[in-house]
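Work through these exercises with the structure open beside you. Try each task before you read its solution.

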Amino acid sequence: MSSGLFTQLLDQACGGFLLAAVIVLWRRELAAIVRVFALQGVALAAIAVLLGAHEQRWDLIAVGLGIGVLRAGVLPYLMRRALAALTKDRQRYGTGGAETRETQPLVNVAASLLTAALLTLLAYAVARPLTELAPAPATRALPVGLAVVLIGFFVLVTRRRALAQVVGFLLLDNGITATAFLATSGVPLIVELGVSFDVLLAVLVLQILTTRMREAFGTTDIDDLRELHE
């Protein structure tokens, strides 16, 4: 693969990766958010595969394909199952319609998009010394990973639905993974496998907790649960 083609494809993959995180802030339907997260998983896998193809590292290509299966397939499937349970309750009992939407985030959509732009600028400012130190195509894209880390943390602390917060946690993890790939041109296969299994286990636990919360209290809104506690 030529350097020019690699740079062009890597820029497109990183652009899609960052755009998916911004769209998560824009959309309120949880089903749409899960679909966008799956597309971000495809972009993250593409970043890893491109780095592996450019450096002729088959282990990195295998890691990228594994990331695609897990983060664009398995994790969205688990979240869709949780959403399907909410939809089933709505159809059976006439309740739970609001549970499939992020109706009242702590920060509205316009302010969230503005914050995403500011966080992206902050990521570029923080990463500037690193990009100037090693001006390689992968290093120049490093601010994208940092920006997704910040946006994921923002989603995690401003969304009220438990499933939306799970997506924020996964965005944060995707950003960390992308930063590791872009900063070091990939991580060892065993390290990525260990991290991926930890993430899968965390999502399974969070899905169980979300189901138990819905069955016990009839909602997954964190603020409503806090009021019940008080």
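**Exercise 1: A salt bridge across the chain**

Asp173 and Arg71 form a salt bridge, with their closest N and O atoms 2.5 Å apart. The two residues lie in distant parts of the chain, 102 residues apart: Asp173 in helix α7 (residues 162-184) and Arg71 in helix α3 (residues 58-93). The model is predicted, so local features need pLDDT of at least 70 and side-chain atom pairs count only at pLDDT 80 or more, while totals for chains, interfaces and linings use all residues. Residues are numbered from 1 along each chain as its sequence is written, and side-chain values use heavy atoms, with hydrogens and water left out.

Task: Are Asp173 and Arg71 buried or exposed?

Solution.
Step 1. Recall the pairing rule: side chains of opposite charge can pair when their charged atoms come close.
Step 2. Apply the cut-off: a salt bridge needs a side-chain nitrogen of Lys or Arg within 4 Å of a carboxyl oxygen of Asp or Glu.
Step 3. Judge accessibility. Buried means under 20% relative accessible area, exposed over 50%, partly exposed in between (1.4 Å probe, protein chains only).
Step 4. Both Asp173 and Arg71 are buried.

**Exercise 2: A network**

Task: Which residues are linked with Arg57 in a network of salt bridges?

Solution.
Step 1. Start with Glu55. Its closest approach to Arg57, N to O, is 3.8 Å, in a salt bridge.
Step 2. Turn to Asp59. Its side chain meets Arg57 in a salt bridge at 3.3 Å, N to O.
Step 3. Join the pairs: Glu55, Arg57 and Asp59 form a network.
Step 4. Check accessibility. Arg57, at 24%, counts as partly exposed. So does Glu55, at 31%. Asp59, at 34%, is also partly exposed.
Step 5. For the total, the structure holds five salt bridges.

**Exercise 3: Two helices**

Task: What is the angle between α1 and α4, and how far apart are their axes?

Solution.
Step 1. Find the helices: α1 covers residues 3-26 and α4 covers residues 109-133. Helices here are DSSP runs (H or I, at least four residues), numbered from the N terminus.
Step 2. Read the geometry. The angle is about 155 degrees, and the axes are 8 Å apart.
Step 3. Classify. Angles over 145 degrees count as roughly antiparallel. The two helices, α1 and α4, are therefore roughly antiparallel.
Step 4. List the contact (heavy atoms within 4.5 Å). Leu18, Val22, Leu25 and Trp26 of α1 meet Val109, Ser112, Leu113, Ala116 and Thr120 of α4.

How values were computed. Axes are lines fitted to C-alpha atoms, for helices over the stretch in contact, and angles run from 0 to 180 degrees between N-to-C directions. Angles under 35 degrees count as roughly parallel, over 145 as roughly antiparallel, 65 to 115 as roughly perpendicular and the rest as oblique.
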